[in-house]
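Subject: Structure handover, with notes on pockets, cavities and helix packing

Hello,

Here is the structure you were waiting for, followed by notes on what turned up in it. Please open it alongside this message.

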Amino acid sequence: MSANAVLQPVARPHGALGLAPMEGVIDGLTRALLCEQGGLDWIVTEFVRVTNTIYPPRVFHRICPELAQGCQTVGTTPVHLQLLGSDPAMMTANAVQAARLGARSIDINFGCPAKLVNRHDGGASLLRRPEHMERLIDDMQRALRPFEIPVTAKIRLGFDNKQLALACALAAERGGASRLTVHARTKAEGYRRPAHWEWVRRIRDRISIPVVVNGDIQTLEDYWRATTLSGCQDAMIGRGLLADPALARRIKHWQHTGTRLPSTTWAEKACVLLNYASRVDGALPDKVTLSLLKQWLNMMRLGSHDGEQWFQALKRERTLDEFTARLADSA
C-alpha cells in the first residue's frame with residue numbers, strides 16, 4: 001500500500017481515537033499533555049492492580065487523579081478507569097468502590113504481558129481461561145448496573161498462540177462487555193512487529209459489540225492500515241502517541257479533510273517534554289522526573305532520526321537541570 005493511497009478520501013475511516021494505558025509510563029500528567037495536543041476521544045488509565053483488598057479512595061485518586069474533576073481531563077476528554085486482577089469478588093468490589101468515587105466506565109485488563117502480573121494470574125494470563133473472563137465481566141457489570149456505567153475489556157490475541165482469540169472475544173461479549181479493545185498480538189509476541197490487524201477482523205466479524213483495534217499504530221499510514229485490515233472504525237494508540245504527541249490530531253485532520261498536516265517537528269516534541277518537567281515542579285523527586293523524561297524521550301526514537309539523535313545526546317545526563325537545559329537548547 002502506497003503512502004499516496006492513504007490520502008484517498010474514499011478510504012478514510014472516521015472513528016474515535018483512544019489513548020492506551022501504559023503502566024508506569026502514561027500517568028495523569030502525561031495524559032493531560034497528550035490530550036492538549038488534540039484528537040483524542042477517550043483515555044484509559046494505568047491499571048489498579050486488585051489483589052485481596054478493597055482499596056481506599058486515595059489509591060483510586062492516585063491512579064486516576066481525574067476523578068476529582070468528573071473523571072475527565074481539563075479539556076473534558078472522558079477518562080476510563082482500568083482494573084487488573086483475577087478474583088471476581090474483589091474485582092467487583094473495587095469496581096463498585098471506583099463507581100462510588102465517580103468513575104464513568106470500568107475497563108478490565110486482560111492484556112498485560114508483564115511476567116510478574118501473569119505469575120499472579122492477572123492480565124494476559126486469563127486469556128487461557130475464557131470462561132473465567134466471562135464470569136468476571138458478568139459479575140462486574142451486574143454489580144455496576146445501579147451506577148449506570150459500562151464495563152469494557154481489553155485483550156490480546158492470546159497467551160502463547162491465537163487459538164483462543166475468538167473464544168476470549170465471545171466470552172467478553174457474553175459477559176456483558178460494552179466494548180472490546182484488541183491488541184493485535186499475543187502475550188508471547190510482546191511488542192514485536194508486526195501487529196496482526198487482520199486477526200482483529202476475525203473477531204470483529206463474529207461479535208456484535210464495538211471492537212477497537214490496538215497495537216503498532218505509530219504513523220498515519222499505520223492507522224489507515226490497522227483500521228482497513230481490522231475493519232474497525234475506532235483505534236487505540238499508546239507508544240505511537242508518546243513518539244509523536246500530535247499523532248491523534250494529525251489523524252483527525254486527515255479524517256476530516258483528506259490532507260496531511262506537516263510532520264511534527266523535533267522542537268514541538270521537545271516542548272512537550274519541557275512542559276512535563278515544568279508541570280511536575282517539584283511534586284516528584286528530580287531523579288524520578290529525570291527517569292520519566294528519559295523514558296518518554298526513548299519512546300520518541302520510534303521512526304525519528306532527530307529523536308534517536310537527541311536520545312543518544314541526553315541519555316547520560318545525571319541531573320534534571322542539565323537535562324532540561326540541553327533539551328531547551330534543542331528546541
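The residues that line the second largest pocket divide into three nonpolar, six polar and five charged. Please keep in mind throughout that this is a predicted model.

Pockets

The second largest pocket has a volume of about 290 Å³. Its lining is made of 14 residues, and those nearest the centre are Q218, T219, D244, K269 and G303.

The largest pocket holds about 490 Å³ of space. Of the 28 residues that line it, P21, M22, K154, R156 and Y191 lie nearest its centre. Two or more lining residues come from each of β2, β5, β8 (234-237) and α9 (239-243). Sorted by class, the lining of the largest pocket has 12 nonpolar, nine polar and seven charged residues.

Cavities

Two cavities of 30 Å³ or more were found when the whole structure was searched. The largest cavity has a volume of about 70 Å³, and the second largest cavity has a volume of about 40 Å³.

The lining of the largest cavity consists of V25, T30, L242, Y276, L292, L293, Q295 and W296. Helix α12 gives the most to this lining, with four residues. By class there are six nonpolar and two polar residues around the largest cavity, and no charged ones.

Around the second largest cavity you will find W42, V44, H80, D107, T152, A153, R179, T181 and M236. Strands β2 (42-49) and β5 (151-156) each supply at least two residues of that lining. Here the classes are four nonpolar, three polar and two charged.

Helix packing

Two packed helices are described by the angle between their axes and the distance between the axes.

Start with α11 (residues 266-280) and α12 (residues 286-299). Their axes come within 11 Å and cross at roughly 160 degrees. Angles over 145 degrees count as roughly antiparallel, so α11 is roughly antiparallel to α12. The crossing of these two helices, α11 and α12, is right-handed. On the α11 side the contact uses W266, V272, L273, Y276, A277 and V280, and these meet T289, L292, L293, W296 and L297 in α12. The residues of this contact divide into 10 nonpolar, one polar and no charged. Some of these names have come up already: Y276, L292, L293 and W296 belong to the lining of the largest cavity, and they are also in the contact of α11 with α12.

Next come α8 (residues 220-230) and α10 (residues 247-257). These two helices pack at an angle of about 65 degrees, with their axes 10 Å apart. The crossing of α8 and α10 is right-handed. L220, Y223 and W224 from α8 meet L247, I251, W254 and Q255 from α10. This contact has six nonpolar residues, one polar and no charged.

Helix α8 also packs against α7, at an angle of about 35 degrees and with the axes 7 Å apart. The crossing in which α7 passes α8 is right-handed. From α7 the contact takes W197, E198, V200, R201 and R204, and from α8 it takes D222, R225, A226, T228, L229 and S230. Which classes make up the contact of α7 with α8? The residues divide into four nonpolar, two polar and five charged.

Backbone details

A cis peptide bond joins R193 and P194, with omega at about 5 degrees. P194 sits in the loop between β6 (180-183) and α7 (197-204).

The other point is E148, which is not a glycine but has a positive phi of about 55 degrees. E148 is in the loop between α5 (130-144) and β5. Strand β5 is one of the elements that give two or more residues to the lining of the largest pocket, and β5 also supplies at least two residues to the lining of the second largest cavity.

Regards

Conventions:
Residues numbered from 1 in each chain as written. Predicted model: local features only at pLDDT ≥ 70, side-chain atom pairs only at ≥ 80, totals over all residues. Heavy atoms only, no water. Axes fitted to C-alpha atoms, helices over the stretch in contact; angles between N-to-C directions. Parallel < 35°, antiparallel > 145°, perpendicular 65-115°, else oblique. Left-handed = near helix turned anticlockwise from the far one by under 90°. Contact = heavy atoms within 4.5 Å. Nonpolar A, V, L, I, M, F, W, Y, C, P; charged D, E, K, R; others polar. 1 Å grid on protein atoms, 1.4 Å probe; cavity = no way out; pocket = protein on both sides within 12 Å on 5 of 7 lines; lining within 4 Å. Points joined across faces, edges and corners; volume = space filled by probe spheres on them.
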